[in-house]
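Please read this report with the sequence and the model side by side.

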Amino acid sequence: MIPQECLNWQQALSVVRHMQKLLVAQEAAHLEGTRGLRHQLSVLQSRLQRPATKQICPQLAVPLNGRMLGRSLRVGHEVHFICDAGFRLVGSETRTCRHNRTWSGTQPFCRSIDDCSSNPCANSGTCVDGNQSYTCLCPPGWSGPSCQSPIYSYVDECQLYQSSPETQICLHDCLNLPGSYRCLCPPGYLLHADRNACEDVNECDGKQHNCSQGDLCINTFGGHRCVRPKCPPPRHNTSYVKTSAFQCERNPCPMDSRACHLAASSISFHYLPLQANRTVPRVLFKMSTTRSVGDSLRFAITGGRGQGVFAVRRSDRQTGELLLTSPVAGPATLEVELEMSEFSHKVLLGKHIFKVTAFVSPYVF
């Protein structure tokens, strides 16, 4: 065993001071670690207490006549856009959801492809753009899909053009002639000055009708109707007198006849010519009173044939409107009875009946 020498006084003091320095450094490092841990815990607590925000971008619109591929709106995800056949994409084909929750690129849309942009019709032919196709209207002497073939024989213009709405050369019917054609109109119409369209003949103005004496002639699209409005027969002490060709007025009521006082004070007749398959909604008829005694008017449909295609609405305080709500194919005759009631403090003052008849043509012109 090797004997160890004892430290002298100065060496012992130096060791103690060195140990003290190590202890101070250890305490400082421990304190710094504690502070860092406390800071990290504080940040973590604030994040946990804060409501989480969804890292997604706003919903994108799908372009008309196109599609959007991809449904995820999360940051970093992409969506892609394509157009239907016959359309081309204008704008960004791909958009990415960025970290600031906005989309890259611009909103795309689908633009129709003009099939005539390449001038496919030869020999001064006129190009008519269609849906993923085109039609060439060829000048005299040329034929074929692109007017590329000279004509050496007979051409039926009616068969070539009339069957397609985009190239139709006659409004109604087409008669082929050697080297030409002629547009035809149905009975009740005359060929317009443009030689293509048809215009209605007013048989009533020209006295071309066959109405009997006492009948009234109503011109319709493509024809006419003979009508004879009649007042209703006397009933329950209520009778009417004809005051004009289309108007009946109620005679004075007996004082004790409640049924007479509740009956309509006037009945008017209205006849409307109507083309087939008109766009809707369409105002057909307006009803109002020229002198109002009460404080309110009410309008209602009370009867007739074809009520499913009609509706009534108020356009202002004194006026009601009869609307056509569904397209009607002709020929057809529609009848509807309208009632306009006048009230004062919810007490009925009088009623007016409008009998409306619509004559629907077989044609759309």
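Helices (H or I, at least four residues) and strands (E, at least two) are DSSP runs, and they are numbered from the N terminus. The model described here is predicted, so local features need pLDDT of at least 70 and side-chain atom pairs count only at pLDDT 80 or more, while totals for chains, interfaces and linings use all residues. Residues are numbered from 1 along each chain as its sequence is written, and side-chain values use heavy atoms, with hydrogens and water left out.

## A domain from the record

According to UniProt, in an unreviewed entry, residues 55-112 carry the feature "domain: Sushi"; UniProt positions are given in the numbering used here, feature names are shortened, and such annotations may be inferred rather than shown by experiment.

## Disulfides

A disulfide is a pair of cysteine sulfur atoms within 2.5 Å, and by this rule the count comes to 12 disulfides. Three of them are set out in the table, with the distance between the sulfur atoms and the torsion about the S-S bond.

| Pair | S to S distance | Torsion about the S-S bond |
|---|---|---|
| C83 and C110 | 2.1 Å | -90 degrees |
| C158 and C174 | 1.9 Å | -65 degrees |
| C204 and C217 | 2.0 Å | about -75 degrees |

The link of C83 and C110 is left-handed. This pair links distant parts of the chain, with C83 in strand β2 (residues 78-83) and C110 in strand β5 (residues 109-112), 27 residues apart. For the surroundings of a residue, buried means under 20% relative accessible area, exposed means over 50%, and partly exposed lies in between (1.4 Å probe, protein chains only). C110 has a relative accessible area of 11%, and therefore it is buried.

The disulfide of C158 and C174 is also described as left-handed. Because C158 lies in helix α2 (residues 157-161) and C174 in strand β10 (residues 173-177), the pair ties together parts that are 16 residues apart in sequence. Both C158 and C174 are buried.

For C204 and C217, the torsion of about -75 degrees is why the disulfide is called left-handed. C204 lies in the loop between β13 (198-200) and β14 (216-220), whereas C217 lies in strand β14, so this pair ties together parts that are 13 residues apart in sequence. Are the two cysteines C204 and C217 buried or partly exposed? C204 counts as buried because its relative accessibility is 17%, whereas C217, at 21% relative accessibility, counts as partly exposed.

## A glutamine in a loop

Q275 lies in the loop between β18 (266-274) and β19 (282-288), and its relative accessible area of 15% is why it counts as buried. A polar contact (a pair of N or O atoms within 3.5 Å; within protein, one must be able to donate a hydrogen and the other to accept it, and residues adjacent in sequence count only if both atoms are side-chain atoms) of 2.5 Å joins the side chains of Q275 and R278. Contact in the wider sense means heavy atoms within 4.5 Å; leaving aside residues up to four places away in sequence, Q275 touches F221, V360, S361, Y363, V364 and F365.

## Salt bridges

A salt bridge is a side-chain nitrogen of Lys or Arg within 4 Å of a carboxyl oxygen of Asp or Glu, and by this rule the count comes to 5 salt bridges.

One of them joins R228 and D215, whose closest N and O atoms are 2.8 Å apart. R228 lies in the loop between β15 (223-227) and β16 (240-244) and D215 in the loop between β13 and β14, so the pair ties together parts that are 13 residues apart in sequence. R228 is partly exposed, with a relative accessible area of 44%, and D215, at 23% relative accessibility, counts as partly exposed too.

Another salt bridge is formed by K355 and E337, with the closest N and O atoms 2.6 Å apart. Since K355 lies in strand β24 (residues 347-360) and E337 in strand β23 (residues 332-344), the pair ties together parts that are 18 residues apart in sequence. K355 counts as partly exposed at 31% relative accessibility, and E337 is partly exposed with a relative accessible area of 23%.

E321 forms a salt bridge with R313, their closest N and O atoms being 2.8 Å apart. E321 is buried, with a relative accessible area of 6%, whereas R313, at 42% relative accessibility, counts as partly exposed. Which residues are linked with R313 in a network of salt bridges? The network links K286, R313 and E321.
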